[in-house]
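Open the model in your viewer and keep the selection panel at hand. The tour below goes from stop to stop.

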Amino acid sequence: MSRPKIVILGAGYGGIMTATRLTKELGMNEAEITLVNKHNYHYQTTWLHEPAAGTLHHDRTRMPIKDVIDTNRINFVQDTVVSIDDNTKTVKLENGELAYDYLVIGLGFESETFGIPGVKDYAFNIRSVNTVRKIREHIEYLFASYNNEPNPSDSMLTIVVAGAGFTGIEFIGEMADRIPELCAEFDVPRERVRLICAEAAPTVLPGFDEELVEYAVNLLESKGVEFMLGTPIKEVTADGVVLEEEEIKADTIVWTTGIRGNSIVENSGFETMRGRIKVEGDLRAPGKDHVFIVGDCALIINEEINRPYPPTAQIAIQQAFTVARNLKALINGTKTETFVPEIKGTVASLGKGEAIGKVGNKKLYGATAAAMKKIIDNRYLFLLGGIPLVVKKGKLKLF
Ligand SMILES: Cc1cc2nc3c(=O)[nH]c(=O)nc-3n(C[C@H](O)[C@H](O)[C@H](O)COP(=O)(O)OP(=O)(O)OC[C@H]3O[C@@H](n4cnc5c(N)ncnc54)[C@H](O)[C@@H]3O)c2cc1C
């Protein structure tokens, strides 16, 4: 009998960890495992705010997929997924087609624009190695150009970050550290530079502990960040952002107001909410007994507050363990298990050596929180590739 074909789409946290765990759960001849990804590398999405600001080289965030997976067990296909046809159980790729018996969708997220005009045309987003390289180079180019213009405009040195959620605040923290370096490098007076965070909600980091939020705001303001809270952006234009009562001229707008699931899922006919599939308890798509969803493409509800869990790497990694065990259960004809997220804590970085977080009931600030963030990052690398990967790609200096 031929081995069942398991196809995993996307080698982000959810996808690559599912593939790795499957090699532990299944014997050599139990299934044929194929992992598909657009690039030949896996990147740590949770670090992307750093290369976006230019405080870390983007190569530190990525690693060749073939160095991480067991290529004797997993067939890696570098290609771009175009669509999924679950009626014929095939995935259309840019350069071919793949048939599956079981499918795991881990294609990650897209930036949520809420239909605001101009966002797609004029704003940058923090989504991949390629999108963040563009942000860093764009900002450096503007700083380098400033003293070459006969009449340089203030907008060249004005950066607007839309959204004060996790990604926005982490990027602002890095940018606040990077600006003095850029000013020194390109002979630009610091007082000419503006770093503005415009947020529609009345607070930054909604849902975070108030004391920790206050610490973050005070710290970032002390580094020159301007917060405009309760300030929805109505439109993004080639010149900047349009607010309710004013317009801010800015040559750099970074959009971080939230995410939706990869549009391929919705466009392939799956029922979604903001592009994400509301999965069954065992992480299968409703009505599809052979399709699992991991990571940001999956929507799971926190019953205690009747709201979706925020999309995080923490949950994507945990889901991967469950999906691997559930695929084994299906192949062996046994019962699948229900996924129960175990939220160990949340830590948001605020630039070099600074962070805030909550682990269990304990609040963490400053250097301790920053060290905890690095421990979390290193733990993921350990789960993926053991100590060698931690040594190669980890953040080893905790303080
Ligand atoms: C700046 C930032 C900081 C964050 N910090 C944290 C944090 O501290 N803690 C936390 O838990 N979470 C954090 N998150 C959220 C976390 O990164 C995401 O929840 C997580 O990446 C989701 O994992 P995933 O596997 O669903 O998708 P991803 O990790 O985004 O991976 C998706 C993969 O699919 C591939 N892909 C996409 N489209 C295609 C296609 N058409 N064909 C082939 N391949 C494709 C991509 O190249 C990528 O490899 C952060 C996010 C950002 C942006």
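Select helix H1 (13-25), helix H6 (166-186) and helix H9 (313-332): each of them supplies at least two residues of the shell around the ligand. Keep in mind that this is a predicted model.

Now show the whole shell. There are 34 residues around the ligand.

Next, pick out the residues that come nearest to the ligand: Gly14, Val81, Asp296, Ala313 and Lys373. Zoom in on three of them in turn.

- Gly14: a polar backbone atom here is 2.8 Å from an oxygen atom of the ligand.
- Val81: look for a nitrogen atom of the ligand, 2.8 Å from a polar backbone atom of this residue.
- Ala313: a polar backbone atom lies 2.9 Å from a ligand oxygen.

How much of the ligand's accessible area does the protein cover? On its own, the ligand has 1000 Å² of accessible area, and the protein covers 93% of that.

Select strands E25, E26 and E27. They form an open sheet of three strands in the order E25-E26-E27, with antiparallel pairing. Strand E25 (345-349) and strand E27 (362-365) are the edge strands, each pairing on one side only. From one strand to the next, the twist averages 10 degrees.

Last stop: the pairing of E25 with strand E26 (residues 355-359). Five bridges join these two antiparallel strands.

Definitions and conventions
Residues are numbered from 1 along each chain as its sequence is written. This is a predicted model: local features need pLDDT of at least 70, side-chain atom pairs count only at pLDDT 80 or more; totals for chains, interfaces and linings use all residues. Side-chain values use heavy atoms; hydrogens and water are left out. Two strands pair if DSSP finds at least two bridges between them. Helices (H or I, at least four residues) and strands (E, at least two) are DSSP runs, numbered from the N terminus. Axes are lines fitted to C-alpha atoms, for helices over the stretch in contact, and angles run from 0 to 180 degrees between N-to-C directions. A residue is near a molecule or strand if one of its heavy atoms lies within 4 Å of it. A polar contact is a pair of N or O atoms within 3.5 Å; within protein, one must be able to donate a hydrogen and the other to accept it, and residues adjacent in sequence count only if both atoms are side-chain atoms. Accessible areas come from the Shrake-Rupley method with a 1.4 Å probe; for residues, only the protein chains shown count as cover.
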